[in-house]
Amino acid sequence: MNAPPESSARAELVAGHWPSDFSAADAVAAATDYADLICDEQRVLWVEFFPGEGASAAVEWTPRGTRRLTPAGYSVRSRVYEYGGGALCLVGDGLVFVNEADQQLYRQSFDDSICTQLTCAADCRYGGLLFDPLRQRVIAVEEQHHASEVIHRLVAIDLHGQRQGLAEGADFYNSPCLSPDGRQLAWIEWQRPALPWTSSTLCRAELDSHGLPGKVERTGKDESLQQPLFNDRGELLCLTDSSGYWQPWRQAADRTWQLLPSPAADHAPAPWQLNPRHYLALPDGCLAVGWSEQGYGRLAQRHSERSEQQRLAEGYTRFRALAHNRNGLFCLAGSPECSAAVLHIALPSGKVSVLAQAPSALAPQDISRPQAICYPTGQQEIAHGFHYPPCNSKAVLAPGQRPPLVIFTHGGPTSACYPVLDNRIQFWTQRGFAVADLNYRGSVGFGRDYRQRLQGNWGVSDVEDVLAAIDHLALRELIDPDRVFIRGQSAGGFTTLNSLVSASGRFRAAASLYGVSDPLQLRAVTHKFEADYIDWLIGDPRVQPERYQQRSPLAQAAAISTPVIFFQGMRDAVVLPAQTEQMVAALEENGVPVQYVSFDEERHGFRQPGNLQQVLESELNFYHNYL
């Protein structure tokens, strides 16, 4: 690697080899993230991931300051549906949280660090927590693991640990919510083979004197509903994509539904986790609403009866976990200069205060900003993404030089990338690489039709969009088309490997992080939440077996000549290690350069700081062999 230039002037260095003080350790140390923000009238709580520990803790903010509540030896994280969410709730004088190690509920007072265990069901996990103050109990999604099946329920657990069943019989549950008077309970449920972003049901029931639901009213047919909530008048609101986008609707007293004034845009991403909150009922008939606009997140205060709105926190481009109290609106947010922050937004002034923010080791002049791209792709359609040019205040491209490109393919695949500071991307742009972070067809944030494009087409449409992105950026002379690399994790690994099958000669090297290499194996062993996902993405293997052969990177390994580095967690329950190991063996047998890095303690998605650092360093060194 070239030595840093001694003068303050920027040096013309070979793109891909630029020196940088922003190390892999810096990128990992700045990987603080936040989740599950909640509040009452006195305090705001959130779950904070501490990358140096590989653990998450509840953090409390009050006007007097911020403090960490969770004591050593505990980590706050739910693993219901493997992806968790809703891992804590306020219970008056304290909180109840899900402990990551045993997935049980614990109660903790604000006055001390003693954690009292409420549940002792070793075969159960909990998440989606909601406090019922009228009955002094916690409502939760319970996931019970039997030897031969996994059962999900809605349950209530009082503050002494007594358990009460509320709803059972559906395959999945999400987002329980109570009316202001505590007399009504609403939730989302869905049945296999539906997925929560294809078809789900909104349920509403009166609670009897024992706190049990009576007759259940159900809403929903061939639509995806999510995030029900009651406003202060006791009216039920919900997001549904029946109009083509997830927009807020309100149920009137006669049980008819009315679309509330809102942009024709998605007001939430796909509900992979429990208890998401991307819109909120405020007092006096107002709503706080977030939505996606060409991939950029927006936030506004809007009256539920009128079309006027007040834009909020306009410097930020992603919003989630909305909450409010008499002091204003709170949320988790991100921007091109900030990976994650906890915001307080005063209403009605809109003044923004930052309560907490992920650290950044980069000066503003060293941050590469996302540039939205919208480009033509297969079937005369359009795909979306973000282009990040190389950015390093100590180096500059030589005249006529075009940078190498690293393509990021997000997981899911029913997910999305967002235009917020991502230290993994900055790690590459600091070293002279351009990055294309793609929202290929099937990604969320662009409406139901765009999201449904991958139905039956996984491994085809997404690959077309990868190749079209290369052409688009090359045509604009933003990248060197002869030095292209591609990386992906989980479902993004499947897209990455299939891109190599389709056009191996277009890539110098690739990285697969716990990526799917054989969808038929994934279908046979994956967990319940995604058990029907593969059939939706590819088709029924009994009816279309040829698709599984054609779209299996493992079966098509002979078509791959691109060097690949693989990373795998050995405790992964989503993509089992055997998949990656078989893919490695197949490429080695064909004489393709391969490197395999495994981590004994990691699951689906790496969390240990040393491992995260090793991934970046190993991937960079691997790519340098082929620049």
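Mentor: Begin with the labels for elements: helices (H or I, at least four residues) and strands (E, at least two) are DSSP runs, numbered from the N terminus. A509 lies in strand β36. The model is predicted, so local features need pLDDT of at least 70 and side-chain atom pairs count only at pLDDT 80 or more, while totals for chains, interfaces and linings use all residues. Residues are numbered from 1 along each chain as its sequence is written, and side-chain values use heavy atoms, with hydrogens and water left out.

Trainee: Why is A509 called buried?

Mentor: Buried means under 20% relative accessible area, exposed over 50%, and partly exposed in between (1.4 Å probe, protein chains only). A509 has a relative accessible area of 0%, so A509 is buried.

Trainee: What is A509 in contact with, leaving aside its neighbours within four places in sequence?

Mentor: Contact means heavy atoms within 4.5 Å. On that basis A509 is in contact with V484, F485, I486, T562, P563, F622, Y623 and Y626. By comparison, 53 Å separates the C-alpha atoms of A509 and G161, which are 348 residues apart along the chain.

Trainee: What makes strand β36 mostly covered?

Mentor: Strand β36 spans residues 509–513, and five of its five residues are buried. A509, A511 and L513 point one way, A510 and S512 the other way, and all are buried. In a regular strand the side chains alternate between the two faces of the sheet.

Trainee: How do you know that strand β35 pairs with β36?

Mentor: Two strands pair if DSSP finds at least two bridges between them. Five bridges join β35 (residues 484–489) to β36, and the two run parallel. In one of these pairings, R487 has A511 in β36 as its bridge partner.

Trainee: Why are β14 and β17 called edge strands?

Mentor: They belong to an open sheet of four strands in the order β14-β15-β16-β17, with antiparallel pairing. β14 (172–178) and β17 (213–219) each have a single partner strand, so one side of each is left without a neighbour in the sheet. Five bridges join β14 to β15, and N174 stands opposite I188 in β15.

Trainee: Which residues have the most contacts inside the largest nonpolar core?

Mentor: A nonpolar core is a set of buried Ala, Val, Leu, Ile, Met, Phe, Trp, Tyr and Cys residues joined through side-chain atoms within 4.5 Å. The largest has 51 residues, and those with the most contacts inside it are Y81, Y173, W187, W197 and W458. Strand β15 (residues 184–190) gives the most to this core, with five residues. Apart from it lies another core, of 36 residues, among them A383, V463, L497 and L500.

Trainee: How do you know that the length of helix α9 agrees with its number of residues?

Mentor: The expected span of a helix is 1.5 Å times one less than its number of residues. For the 13 residues of α9 (residues 577–589) that should be 18 Å, and the end C-alpha atoms are 18 Å apart, so the two agree. Just after α9, G591 takes a positive phi of about 80°.
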